[in-house]
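These are my notebook entries on a two-chain structure. I looked up how the chains meet, and then the surroundings of one residue.

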Number of protein chains: 2
Amino acid sequence: MAIYQATTSAPVNIACIKYWGKRDTKLILPTNSSLSVTLDQDHLRSTTTSRADPSFKKDTLWLNGKEEVIKEGGRMATCIAELKRLRKELVEDKNPDAPKLSTFALHISSFNNFPTAAGLASSASGFAALVSSIATLYTLPCDASALSLIARQGSGSACRSLFGGYVAWEQGTSPTGEDSYAIQIAPQSHWPDIHALICVVSDDKKGTSSTSGMQRTVETSPLLQHRIKHVVPQRMADISKAILDRDFDTFAKITMADSNQFHAVALDTEPPIFYMNDVSKAIIALIVEYNRVAVLKTSKVKAAYTYDAGPNAVIYTPKENVKEIQKEAFKDVFGIFGAQGVQGAVVDGFNEAVAKPFDIGAVKGLIHTKVGDGPRVLGEEEALLDPDGIPKTLA
Amino acid sequence: MAIYQATTSAPVNIACIKYWGKRDTKLILPTNSSLSVTLDQDHLRSTTTSRADPSFKKDTLWLNGKEEVIKEGGRMATCIAELKRLRKELVEDKNPDAPKLSTFALHISSFNNFPTAAGLASSASGFAALVSSIATLYTLPCDASALSLIARQGSGSACRSLFGGYVAWEQGTSPTGEDSYAIQIAPQSHWPDIHALICVVSDDKKGTSSTSGMQRTVETSPLLQHRIKHVVPQRMADISKAILDRDFDTFAKITMADSNQFHAVALDTEPPIFYMNDVSKAIIALIVEYNRVAVLKTSKVKAAYTYDAGPNAVIYTPKENVKEIQKEAFKDVFGIFGAQGVQGAVVDGFNEAVAKPFDIGAVKGLIHTKVGDGPRVLGEEEALLDPDGIPKTLA
């Protein structure tokens, strides 16, 4: 008997223009467009195997090997139903010979290769992997933008993980959401040497979830409307041009300004929402000082920080600066590489006063990655389901 | 020979609607109106003695016993010159018998009764005491609003310390600044039971000065213009009405929202400005939780936090809640009263999880004060200059 199964992986993305606020919470339609860099799946990825079989009793999902309830009417169920509808309409109704996979239940096993403790949101890569895996299984004749419409209904920012490179999520205007999808501004190959340093910052507090936080901002922040109407549209145009021009200076300045503004509208919320802590702020001070010295020498900045709904920093920088930043910011100041005996500033003119050493452990770790490609279809040997359609035991 | 000398004291004020941004940096004309509560001089005050004498060689200022340079063309010199001009025009030119004090040099001794380390801005009370002391010496026929025009040129928020009670600084529209002065919304006697708890938060970093910080915000924050044009005018009207109605719930909500928004536009600045630290944020979380419980029981909040350009919290609350807040927030959580053996929540329903104990010393001290009156003329026995016009040695 035929086995209908597909395995794909999908990347994490980190936004430069932040998504914060929904105009429709059910369809996940945003109040503003956003733009992100897709990160390399060789380092961070979600992998999903989907199988359709007439013997399966019900749609079942395992996340990191543990079965998760698929809530009726919830986001996961919406994505699965939408993919089944497309299978029927675009494949089975047009080709009577096509197996009726839309009528079979699905077994889905998904795995993130980064620990939850890293504080990286897994919903974007997770929903992107889920959608691309089922779309591959169903042989849907849909491009990535069309699939992004479905992933968006799982988790807004997941729509951007359907592409590699530099990706915009156009907010759209339609009440049905049909024009709220992701497009690629430029592929990874256009500007491949943008690297990212993810600084995992220790935090013992559970912050406000982004889902509830962004709606409180929509409801209570007087500043958000100004951001939406008068700030983001110009920034989207400017940063898209900067990407096409490979203009890191402009790209970095807009990225930092938009991170700041996202956290500003979070603070303007009632009650206020704080995602950055004192360690996050110390990393900003380091990057500001690092850029100040760079501007004196070359009139251009060399790095951009950005923060999502948590204390972790992501630092974008051209490849050539990575070693310098790793040493300056993280070995000397945060001591995260331990006693490896490196001393003194490697950046001439760097004001050491802004780089007061922190306690060991304030930054738990550094992940070095770079811009990467979009979802990948993987071979049978990487499948996460065993021949019986049950998650493989991972050693 | 006659001694021409006057001694006054002036209060600290803490804004509920924040002043942040100048449209004229020389005249100190603000980009938005602001509103504050004047605090009781019995607890916090600046005291100034001014003497005019033909034997004095030059205008000389001692601050806390130490001589300070009066910079030519600087803010101090501007205030003194303006007061001398008014002495001549309004007194000497009209009454030929009046001694020509405007032609004599001044000796000025000023003293703050709170330590610099407390992190409380002394420029507001300091300039208010200076202006009121010289105005008293010069017997100027000027009301407090007229004097506030002069104090404003010393330090913007000083203009609000010329009044007791609840005080607005009207931004004005004239390029000369003639309509940018303080007015009293309500005297202390109108609503005397508003108390203030000043939480002195430890901070080893020197933050951005408010003078340079606010101009960077004017130059770089896209959100500030929206705040100025579309948010502050309504908040000024609403909080003024709340004060006249003694409506603490509305007063508190606007005060907290405006503190948040001031820090939001500081964060929206390039590079971003942070004044609150993790301890400041923990105090906000405590007050938010304290109010959440209060709203469940009475539909009204019981306390309002506000933060100026530093990590210290000021908590406004009606008198009846002071003991409860002192215990809940500061004895149990911050331990600042040491091991006095008080245990357990005194507020039913308070979620202790938000009140994780901090290290002893995170909050260095608590100052309990309340709304107070405006500048006071003091007797000879409180003068800060000795018979020779030199600062008295303070034991």
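I searched the interface of chain B and chain A for salt bridges, and the rule finds zero; a salt bridge is a side-chain nitrogen of Lys or Arg within 4 Å of a carboxyl oxygen of Asp or Glu. The model is predicted: local features need pLDDT of at least 70, side-chain atom pairs count only at pLDDT 80 or more, and totals for chains, interfaces and linings use all residues. Residues are numbered from 1 along each chain as its sequence is written, chains are lettered from A in the order in which they are written, and side-chain values use heavy atoms, with hydrogens and water left out.

I next noted the extent of the interface. I found 26 residues of chain B in contact (heavy atoms within 4.5 Å) with 26 residues of chain A. The area buried between the two chains (accessible area, 1.4 Å probe, lost on being put together, summed over both) is about 2300 Å², and carbon and sulfur atoms give 67% of that. On the chain B side, B:Leu223, B:Leu267 and B:Lys281 lose the most area to chain A, together 24% of what that side buries.

Leaving aside neighbours within four places in sequence, I listed its contacts, among them A:Ser145, A:Leu149 and A:Trp169. I recorded A:Tyr181 as partly exposed because its relative accessibility is 29%, between the limits of under 20% for buried and over 50% for exposed (1.4 Å probe, protein chains only).
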